[in-house]
Structures are given as structure tokens and as C-alpha cells.
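Subject: Model handover

Hello,

Please find the model you asked about below. My notes on it follow.

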Amino acid sequence: MGDSKYPMSERSFDKYSKERISSGVNGLDEMLGGGFPQGHIIVAIGGSGTGKTTLALHYILDGLIKGESGLYISIEEEKESLISAANAYGWDIENYISDHKLAILKLDLSDVKTTARRVKSELPELIRSFGAKRLVIDSITLFSMMFDDAIERRIRIFGLNSAIKKAGITALYTAEVNVDNPYYSKDGMIEYSADGVLFLQQNESEKNIRLIMRVIKMRKIQHDRLYRPYDITGKGLLVYPNEMVYTDYGKDNDSRE
Ligand SMILES: Nc1ncnc2c1ncn2[C@@H]1O[C@H](COP(=O)(O)OP(=O)(O)OP(=O)(O)O)[C@@H](O)[C@H]1O
Ligand SMILES: [Mg+2]
């Protein structure tokens with residue numbers, strides 16, 4: 001690590017192939033050649049404490065700073081807990097809530113029927129009336145786990161995705177990793193229906209523990225495919241897009257398409 005074999009700035013990304021929406025994290029934008037393609041559904045899959053919620057807050061806050069309204073659907077954390085997590089990074093999101101630029105919607109997992117109805121009928125309306133440009137669902141794993149039956153789960157996720165596509169909003173989902181097979185999400189399906197997949201991981205070696213991330217897929221654009229280290233600092237995520245994690249990568253090939 002620290003060896004900059006493939007400096008991101010020297011790569012020729014087709015930055016203009018699609019309008020980009022910043023992830024709110026500089027180094028990640030660099031890995032993507034500018035940010036998330038507008039209108040994409042991106043899922044950030046990661047183990048506990050890898051910074052999924054922090055990334056989601058970065059993404060929403062970046063839009064708010066640029067004057068774009070945002071919707072944050074929280075299935076895990078209470079609204080107050082999210083506000084204080086943001087505060088701890090020095091981000092005051094309460095002002096945006098009072099200015100009706102940000103809405104945090106806490107969904108109740110115990111009431112499947114009401115929650116499913118709210119997501120199906122109220123969400124598209126909320127996106128429209130709010131004029132929201134960015135959406136977060138934290139976490140999509142908990143949303144899909146509300147439904148016991150695998151087929152119903154698929155139908156619900158498909159319905160949600162198509163409502164989001166119709167609304168033209170750019171969405172970031174967080175998802176829990178499958179502990180038995182840590183290269184996949186817990187439900188093993190969301191990565192196939194999403195346009196983009198980010199993978200966040202705590203990498204343990206004998207001598208070190210390091211947070212690393214990788215862009216697994218991002219439809220319609222060229223992107224970095226290598227693992228890159230990142231830290232969770234007092235000011236949020238800090239990604240090192242020019243640092244290598246595995247130095248034997250790229251000896252025989254470029255590892256990218
Ligand atoms: N204000 C802060 N300053 C520095 N580090 C922080 C701060 N807040 C959180 N962290 C670090 O970030 C980690 C949690 O980040 P976050 O909640 O974004 O992860 P997550 O992947 O959403 O976790 P979960 O699996 O619980 O949903 C903490 O365990 C801590 O290491
Ligand atoms: Mg979280």
C-alpha cells in the first residue's frame with residue numbers, strides 16, 4: 001500500500017458519458033471518474049461499522065449543500081440518532097430538516113403492511129412533492145427482510161426500484177454483507193438489480209486492520225476496480241484512491257476492462 005502504480009488522475013475516464021452526482025466523498029468520486037451516474041441505484045454493501053451510514057450522510061449532505069433536496073429513509077436508526085451521528089462529524093442536518101430540504105423517514109419494521117404501503121404509494125409522491133434529487137435507503141437489507149417469502153422479497157425490491165427509476169432520482173442503498181460469504185449482500189440479490197455496487201470491508205491481516213473499498217460494478221461508465229483504503233475520521237470518510245491495498249495486483253494485467 002502507499003505504492004501509486006495506477007494514479008487515478010492519469011487514467012482516461014469518459015467523464016462526460018453521463019451526468020454525475022457526487023457521492024460527497026472526494027476519493028470515491030475519483031474512483032468513479034466523477035461520481036455516481038445520474039438516475040442510478042447504487043448499493044453500498046458492507047459489514048457492521050464499515051461506514052455505510054456515514055457514506056449515506058455524506059451523499060445526502062453534498063446534495064443539500066448544492067441546494068438539492070434529499071430523502072433519507074431509515075429503517076435501522078431513529079431520526080434523532082442520525083442527527084446526532086451527523087453532528088458528531090460536524091454536520092448540522094437539522095437546519096435542512098426545518099427548511100424542508102431534507103426529510104428523514106423512519107420506517108417501522110414491525111408493521112409490514114403499513115410500511116409496504118408507504119413505500120409503494122407514498123414514496124413516489126413524496127419524491128415528487130419534495131422535488132428530491134437524492135434518496136437514501138438505510139438499509140435495504142432490513143427492508144427486504146420484512147418479507148418472509150423470497151419471491152415476495154424480489155417483487156417488492158423490483159417494485160421499489162422501478163418506482164425510483166420512474167421518479168428519476170439517484171438512490172444510494174446500504175446493505176448488510178452475508179457473513180458466510182462476505183463478497184455478497186445478505187439477501188444475495190440486491191447487487192443484481194442495482195446499477196452500481198460498492199463494497200466496504202474491514203480487512204484484517206496479521207499486522208494490520210484496514211478499511212478498504214472497491215467498486216464492483218457501475219453500469220454505463222468506466223471505473224476503478226481495485227481495492228482502495230479509506231478511514232473514518234472525525235470529518236467522515238477519507239478515501240485514498242491512489243493507494244494500493246494488494247501490491248501484486250496489475251502485474252500481468254490492468255485489472256480493469
Ligand atoms: N464522529 C466520528 N468520528 C470518527 N469516527 C466515527 C465517528 N462516528 C462514527 N465513527 C466510526 O464509524 C463507525 C460507524 O460508522 P457507520 O455507522 O457509518 O457504519 P455502518 O456501516 O453504518 O454501521 P452499522 O453496521 O452499525 O449500520 C464507528 O464504529 C466508528 O468507528
Ligand atoms: Mg448504519
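In this predicted model, the axes of helix 5 (residues 112-130) and helix 7 (residues 150-167) come within 10 Å and cross at roughly 10 degrees. Axes here are lines fitted to C-alpha atoms, for helices over the stretch in contact, with angles running from 0 to 180 degrees between N-to-C directions. Helix 5 and helix 7 are therefore roughly parallel to each other (angles under 35 degrees count as roughly parallel, over 145 as roughly antiparallel, 65 to 115 as roughly perpendicular and the rest as oblique). Helices (H or I, at least four residues) and strands (E, at least two) are DSSP runs, numbered from the N terminus.

On the helix 5 side, Ala116, Val119, Lys120, Leu123, Pro124, Ile127 and Arg128 meet Arg156, Gly159, Leu160, Ala163, Lys166 and Ala167 of helix 7; contact requires C-beta atoms, placed from the backbone, within 7 Å. This contact of helix 5 with helix 7 has 8 nonpolar, 1 polar and 4 charged residues. Ala, Val, Leu, Ile, Met, Phe, Trp, Tyr, Cys and Pro count as nonpolar, Asp, Glu, Lys and Arg as charged, and the others, Gly among them, as polar.

Next, strand 6 (residues 132-138). Of its 7 residues, 6 are buried, so strand 6 is largely enclosed by the rest of the structure. Buried means 20 or more other C-beta atoms within 10 Å of the residue's own, exposed 12 or fewer, and partly exposed in between, with C-beta atoms placed from the backbone. Strand 6 runs parallel to strand 4 (residues 69-74), joined by 6 bridges, and Tyr72 stands opposite Val136. Strand 6 also pairs in the parallel sense with strand 7 (residues 170-176), over 4 bridges; here Arg134 stands opposite Thr170. Pairing needs at least two DSSP bridges between the strands.

Ligand 1 is surrounded by 13 residues, the closest being Ser48, Lys52, Thr53, Thr54 and Ala88 (near means a C-beta atom, placed from the backbone, within 6 Å). Helix 2 (52-65) gives the most to this shell, with 3 residues, and strand 10 (228-233) supplies at least two. The shell has 3 nonpolar, 9 polar and 1 charged residues.

For the whole protein chain, there are 8 helices and 11 strands, and buried residues make up 39% of the 257 residues.

Residues are numbered from 1 along each chain as its sequence is written, while chains are lettered from A and ligands numbered from 1 in the order in which they are written. As the model is predicted, local features need pLDDT of at least 70 and side-chain atom pairs count only at pLDDT 80 or more, whereas totals for chains, interfaces and linings use all residues.

Regards

Technical notes: Contact = placed C-beta atoms within 7 Å.
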